[in-house]
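Colleague: Hi! Could you walk me through this model?
Modeller: Happy to, let me put it on screen.
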Number of protein chains: 2
Amino acid sequence: MKKLAIIYVCLIGLFLLYIYRYHFEISHLRLSSQEETAFQGQPNEKYVMITFQSGMDYWKRCLKGFEDAAEELNVSVEYRGATQYDVNEQVTVLEQVIARKPAGIAISAINPTALTKTINKAVEKGIPVVLFDSNASGSKAFSFLGTNNYNAGVTAAHEMAKLLGNKGNVGIITSPYQLNHQERTRGFVETIYQKYPQMHVVAVKNGKGDVRASKQAAIEILEDYPDVQGIFATEANGGVGMAEAVVMLNKKHVKLISFDTEKQTLDLVKKGVIAATLAQGTWNMGYWSLQFLFQLHHRLTSSSRSGDLPLPVYVDTGITVVTKENVDRFYAR
Amino acid sequence: MKKLAIIYVCLIGLFLLYIYRYHFEISHLRLSSQEETAFQGQPNEKYVMITFQSGMDYWKRCLKGFEDAAEELNVSVEYRGATQYDVNEQVTVLEQVIARKPAGIAISAINPTALTKTINKAVEKGIPVVLFDSNASGSKAFSFLGTNNYNAGVTAAHEMAKLLGNKGNVGIITSPYQLNHQERTRGFVETIYQKYPQMHVVAVKNGKGDVRASKQAAIEILEDYPDVQGIFATEANGGVGMAEAVVMLNKKHVKLISFDTEKQTLDLVKKGVIAATLAQGTWNMGYWSLQFLFQLHHRLTSSSRSGDLPLPVYVDTGITVVTKENVDRFYAR
């Protein structure tokens, strides 16, 4: 009996010891996991990305960046958008998203003004909003993340000069009524003019953002200026169109620089028909949009700590020149 | 005996149950705390901020942003710099920092070219480098975070127009040989010219970045053009100098816009001598410099996941207009 009682007491003692250690370690772990929560979201924290023509390949890498950041921060994301190139549809989608009070909204504006009122409504309701890819500069959104299109044109000009040994006549196929394309054209033209005295821009044609119209524009350039050595297309369909023209007219010595990284463009780079294409920092747009929204939602951002603006007002996500050498990195995954 | 044995068995059962729960909860907590380590640095992870004229007030809010981000990410920081306005001293400091292989370096370049070779050496050794406030655009640093000086001039022009009811003659005091001041002047002049047909920039004078020279320049403007309604100074000493001139000549109706948020400037805003001053996003420069370096050091950034550049190439940290209403937020803390 006495022995049993001793075992009994020992067991209770061990038991209590275990409970003690258990509580100690648990509370310790809980504390340290609290310390790390500055960059740890709640699973019910949802961030929404909104685009237009939402099925376009172009958005895939934006969304991938958005999702990659969400995974790091342990929050969830949703992808929404106007399926068509339709202003009213995008406004409606944005209204629907606002009604569900998400933790933040990253939106690419179909045009610079149509969404301003609705974006402001979201901000006034306390929902963080950032713009990416296409800005609505008059709105109350906290930041814009996108390409500096003028600089993209500058990069294209330097690349063209490299391809042509700093001399020769060149043409441009663009969409002259869209601001981003105007800027790309201006950056290209001014750089050629200022830095390459032996190069000349001899033609700027409207490709209408369309493969067939761009092909026709390229044919006109190549026939009107038989000594043209290179063409720069400021958007993807223009790139495909001019490639078709060059192949058709058997003018493969003409150096082509295109824009963006649609599969068709990358295939033409791989084949050597297009010498280079300019990749926008789409992954970075999505990734940093989510980081910014997270910072606003969790009030980590400066407004609570300094006189500064809540976020940097503009982030230039940069341009990468894609050639045969690095083209494989740009196929969608 | 039998009763005792039952109690005995029950106790052992309870004991085992407890151990089981304990192990379960511990492993669960351990797992979740591992999940959170993407934004959790090591305490021995040191990030260095390097400036020139390192005692200047101006850097304090940059460093505060750098420190605030470090605290969130649980890493440590160090502040270094050339004490003088001395190119060689800053190169030496940078060399010393590189030798100790820090986790990352944020540096404000004393001039656009002198540090390029040393910055490139750091990057080639695998040390992440970003530039803030003053760029060295030819270097291999991953990003530049700073004010868009042209836009700052644009903001100053709109503010001046607001103060003067969109009409009147204005002057500028600047440092005409420094790029950032050229840009501020250009943004101001072009905006007045394009947007305010009833306003005219009648004088642009060299204040030499010095209070006394700026005071003299302001006196000349005020005496040569007695109808001048406003003066914009593109840097802090110019602001103090023109304030002294206006007080001395008893021309307190002239609206003054200055730059930056040194204590003397803020005091003059508070007194109403200077109508407004432009605050740069210095906290944001420091805060996002550290966030960017952390991302590079931990390879969270895009290069490992996409064809994109490792970081956005440029971050515009924005401008805030400081007036009597919000001046208190800008005193150093």
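Colleague: What should I know before I start?
Modeller: This is a predicted model, where local features need pLDDT of at least 70, side-chain atom pairs count only at pLDDT 80 or more, and totals for chains, interfaces and linings use all residues. Residues are numbered from 1 along each chain as its sequence is written, chains are lettered from A and ligands numbered from 1 in the order in which they are written, and side-chain values use heavy atoms, with hydrogens and water left out.

Colleague: Which residues of chain A does the UniProt annotation cover?
Modeller: The unreviewed entry gives "domain: Periplasmic binding protein" for residues 49-296 of chain A; such annotations may be inferred rather than shown by experiment. That stretch is 49% helix and 21% strand, counting DSSP runs (H or I of at least four residues for helices, E of at least two for strands).

Colleague: How much area do they bury between them?
Modeller: About 5300 Å², 61% of it on carbon and sulfur atoms. That is accessible area (1.4 Å probe) lost on being put together, summed over both parts.

Colleague: How many residues does each chain bring to the contact?
Modeller: Chain B brings 58 and chain A 57, with contact meaning heavy atoms within 4.5 Å. The copies meet through the same surface, because 98% of the interface residues of chain B are also interface residues in chain A.

Colleague: How many salt bridges cross the interface?
Modeller: The rule finds two, where a side-chain nitrogen of Lys or Arg must be within 4 Å of a carboxyl oxygen of Asp or Glu. Arg61(A) and Asp308(B) form a salt bridge at 2.6 Å, N to O.

Colleague: New topic: what does Lys121(A) pair with?
Modeller: Its salt-bridge partner is Glu95(A), with the closest N and O atoms 2.5 Å apart. Lys121(A) sits in helix 4 and Glu95(A) in helix 3 of chain A, so the pair ties together parts 26 residues apart in sequence.

Technical notes:
Buried area is the accessible area (1.4 Å probe) that two parts lose on being put together, summed over both.
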